[in-house]
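Thanks, everyone. Here is the model I want to walk through today. Have a look at the screen.

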Amino acid sequence: MNTIVQVTTPFLPLLATIAVTLLVILTANAVLRRRWKDMPDAQFHFQLIMLGLTVTGGLSIVAALPVSDTLRGQLLSLIGLLLSAAIALSSTTFIGNILAGIMLKTIRKARPGDFITVADLTGRITEMDLLHTEIQTEFRDLVTVPNIYMVTQPLKVVRASGSIITAEVSLGYDVPQGRAKKALLEAATASGLTDCFVHVRTLGDFAVTYRVAGLLEDIRSLISARSALMSAMLDALTHHDIEVVSPNFMNTRALAPEQRILPVQSRQRRTDDIQILAEDIAFDKAEDAASAEKVREAIKETERALKDLKAEPGEDYEQESKSMKRKLGRLEELLKRAEAQIKADEGT
């Protein structure tokens, strides 16, 4: 009996450390998952915390091994050397993606729901994780981009307050620029843009290139807005009797000087009136993510307001408190619905 006690006694600190480490990791995993189950944005913090706990637990187990201080020091030095080598060799991949993810979260330049362009990839953010960012393209595809790629490539984020939409067209030198600018400004206004303007871009050998632009305030229709602008340009140029045709085409046809190349006016219903908005189909998951992000921000603002109200209660404290709590309950219900919709989209 004494022999068994003597053999097992040195291992008690190790067994206790293993038990405590497992208990802490499993408890943290259960608590954080339950607390953040309706907050996909918190997945980043969850993974970071679990990674830190796992590394700390592993070092604690090594420190509790029933070996001499010299051997324990050598083991810790070896682990430190291995970690240093891993950081050095994987700085452009695993560790690099983690650091890039922390950087993206810290600067908060982009968030779920935003329109972004990274190098030649354009779409809307649906998820921002510890190692990668998921982007939904205009073709409804989900593209996973490593975080290190996000911070090493030029990142353009469309501002929520609006974006400038542009389109270019080449017109012959026989068209007065005042007449061309008037038609293009009418087209930009008719397409729903504001603060419209027209610039002369190039003076070519056979034609003048004009750029028409305007501010689009509702960025959710970013893709459709460009198509609507070009459609309005065709209608406006036709209405003003301005011919849009390439110089090669003009030089290789035999037509009377007074004959114009204009489309025949149609009485049929315009396709713009019956087509489905492209963004509603292409960015369904990104739109749900953006809605959930806005609801989360509203919940945080309401919680801050309720906290401030409790700190400095006024005469109508009870009524205002009940009103804010009802609002908070409605927002939490909206968040649950938005999260359920995102999960449903992932399954389709």
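Helix α8, residues 222-239, lies across β6 and β8. Its direction runs at about 30° to β6. Bear in mind that this is a predicted model.

Now the sheet under discussion. Three strands make it up, and it is open. The order is β6-β8-β7, with antiparallel pairing. Which strands stand at the edges? They are β6, residues 163-172, and β7, residues 194-203. Each has a single partner strand, so one side of each is left without a neighbour in the sheet. On average, neighbouring strands here are turned by 20° against each other, direction ignored.

Strands of a sheet pair through backbone hydrogen bonds, either parallel or antiparallel. How many bridges join β6 to β8? There are 10, and the two strands run antiparallel. β8 covers residues 207-216.

Now the whole chain. We have 12 helices and 8 strands. Of the 348 residues, 32% count as buried. The accessible surface comes to about 22000 Å². Carbon and sulfur atoms account for 58% of that surface.

Last, the contacts. Take those between residues at least 6 apart in sequence. Of these, 64% join residues at least 24 apart.

Note on methods
Residues are numbered from 1 along each chain as its sequence is written. This is a predicted model: local features need pLDDT of at least 70, side-chain atom pairs count only at pLDDT 80 or more; totals for chains, interfaces and linings use all residues. Side-chain values use heavy atoms; hydrogens and water are left out. Helices (H or I, at least four residues) and strands (E, at least two) are DSSP runs, numbered from the N terminus. Buried means under 20% relative accessible area, exposed over 50%, partly exposed in between (1.4 Å probe, protein chains only). Contact means heavy atoms within 4.5 Å. Accessible areas come from the Shrake-Rupley method with a 1.4 Å probe; for residues, only the protein chains shown count as cover. Two strands pair if DSSP finds at least two bridges between them. Axes are lines fitted to C-alpha atoms, for helices over the stretch in contact, and angles run from 0 to 180 degrees between N-to-C directions.
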